[in-house]
Amino acid sequence: TDARLALFTHIVVVLIASFLSSLGYEFTFLQILAGIIVLLTNVDTREWTRFFYSMLFIFLTYSLSFLGLSLIQEGDIISIDWTVYSWIFLNVLFTLLAIPLVPLLERFFGFTSAITLVELSDMNRPLLRDLSLKAPGTWQHSLQVANLSEAAARKIGANHLLVKVAALYHDIGKMLNPEYFIENQSGKNPHNDLSDLESAKMIISHVTEGEKIAKKARLPKLLIDFIRTHHGTTRTEYFYRNFVKDHPDMEVDEADFRYPGPRPRTKEETILMIADSIEAACKSLKNPTEQDLSDLINKIIAGKITHGQLEESEMTFEELELCRNVFKTVMKSVHHVRIEYPDEKQAETKE
């Protein structure tokens, strides 16, 4: 949960405990202060070093606060009951029980912790291993999208671990028919044997089938939402335009060519949608210049806005601009764009 909800929950629990005990205001003061310190240290249960540092800060908080309160009450350091510090130490030690309890509590209450996300990012997980074997092109695409999404999420302070793991799983639906997706093709294009409508349905199905695979594998709902939203309600533009061109007299039902959605809502879902489109589109460029990449990225983001795909997103325009700059920087690095030097005639003219 976020820090605000955690603080409110902590205060409510401490107040209830205070009503049930006879320890007085000192107990309430110490416990609320310890909770605030934990939030300020930004404890991360994935990293043992940061976790132990948080334990140290809790111990120091209890110790110094108890010392101060005791000096106020007793008036001198000799009268302080030093045995209380052994209880403070045990209190901090018992906090280590949070580690084994996290996976248990998250399954009971339906939360998804950082510990679970780290486990799901293991490349030896069955779904990821199957994806890498059955659709190697899609797997490489997913890895690139994960790196791109993580960089953007870090820049705007979003949950970079969540979006990175979601990117690894977002295209698992392509495992069923990998040859119908261009990144996995090495010879004949099977779409040549299908109508535009059939091709569109085949492409769209990777979202619905991916959702089914994820549910069967019991992936957290948090990750399933990324699978459902990473194309929003966009159209399979290529097949839609081909169908319109080949059937000028027919009334076309756009719904047949649209992804089922929903559109992205969180910042992380928005980042994944844009990163997915950018990574796929930039592969189509042959020896792109920095300007080519910049223009394409601008075009893709503008298209998402124009077609209303970001209307439900929590992302601000300022954050979108920060993400845009990150996307350009990362894609420039991926495509090894070099500085364009003027040719000899241009150099001589300038001289």
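Predicted model: local features only at pLDDT ≥ 70, side-chain atom pairs only at ≥ 80, totals over all residues.
Leaving aside neighbours within four places in sequence, the residues in contact with His-231 are His-206, Val-207, Tyr-259, Met-273, Asp-276 and Gln-309.

The discussion now turns to helix α13. This helix runs over residues 267–282 and has 16 residues, which at 1.5 Å a residue should span 22 Å. Its end C-alpha atoms are 22 Å apart, in agreement with that expectation. Where does α13 stand in relation to the rest of the structure? Of its 16 residues, 13 are buried, so α13 is largely enclosed by the rest of the structure.

In soluble globular proteins, nonpolar side chains tend to be buried together. In this model, the largest nonpolar core has 50 residues. Which of them touch the most other members? They are Tyr-169, Ile-172, Leu-219, Leu-223, Ile-271, Ile-278 and Phe-327. Helix α9 (residues 160–169) supplies the largest share of this core, namely eight residues. Apart from this core lies another, of 13 residues, which includes Phe-51, Ile-58, Tyr-62 and Ile-99. As for Ile-278, it touches Leu-148, Ile-297, Ile-300, Phe-327 and Met-331, when residues up to four places away in sequence are not counted.

The buried residues of α2 are Glu-26, Phe-27, Thr-28, Leu-30, Gln-31, Ala-34 and Gly-35. Among the elements that cover these buried residues are α1 (3–20), α3 (48–74) and α4 (84–94).

Glu-26 touches Leu-69 and Gln-73, not counting residues up to four places away in sequence. Although Glu-26 and Leu-69 are 43 residues apart along the chain, their C-alpha atoms are separated by 7.4 Å.

Empty space is the next topic. Rolling a probe the size of a water molecule over the atoms shows where empty space is left. How many cavities of 30 Å³ or more does the structure hold? It holds one. The largest cavity has a volume of about 30 Å³. Its lining is formed by Gly-173, Leu-176, Asn-177, Phe-181, Met-202, Ser-205, His-206 and Glu-209. By class, three of these lining residues are nonpolar, four are polar and one is charged. His-206, in this lining, is also one of the residues in contact with His-231.

The second largest pocket contains about 1,700 Å³ of space. It is lined by 41 residues, of which Arg-235, Thr-236, Glu-237, Tyr-238 and Ala-280 are the closest to its centre. Two or more lining residues come from each of α10 (196–216), α12 (237–246), α13 and α14 (290–306). The lining divides into twelve nonpolar, 16 polar and 13 charged residues.

Most residues other than glycine have a negative phi, and most peptide bonds are trans. In this model, Gly-261 and Pro-262 are joined by a cis peptide bond, with omega at about 10 degrees. Pro-262 belongs to the loop between α12 and α13.

Positive values of phi are found at several residues. Asn-42, which follows α2, has a positive phi near 50 degrees. Arg-218, in the loop between α10 and α11, is not a glycine, and its phi is positive, near 60 degrees. Asn-287 lies in the loop between α13 and α14 and has a positive phi of about 45 degrees, although it is not a glycine either. Are Arg-218 and Asn-287 buried or exposed? Arg-218 is exposed, with a relative accessible area of 75%, and Asn-287 also counts as exposed, at 74% relative accessibility.

Note on methods. Residues numbered from 1 in each chain as written. Heavy atoms only, no water. Helix = DSSP H or I, 4+ residues; strand = E, 2+ residues; numbered from the N terminus. Expected span 1.5 Å × (residues − 1). Buried < 20%, exposed > 50% of the residue type's maximum accessible area, 1.4 Å probe, protein only. Core = buried A, V, L, I, M, F, W, Y, C linked by side-chain atoms within 4.5 Å. Contact = heavy atoms within 4.5 Å. 1 Å grid on protein atoms, 1.4 Å probe; cavity = no way out; pocket = protein on both sides within 12 Å on 5 of 7 lines; lining within 4 Å. Points joined across faces, edges and corners; volume = space filled by probe spheres on them. Nonpolar A, V, L, I, M, F, W, Y, C, P; charged D, E, K, R; others polar.
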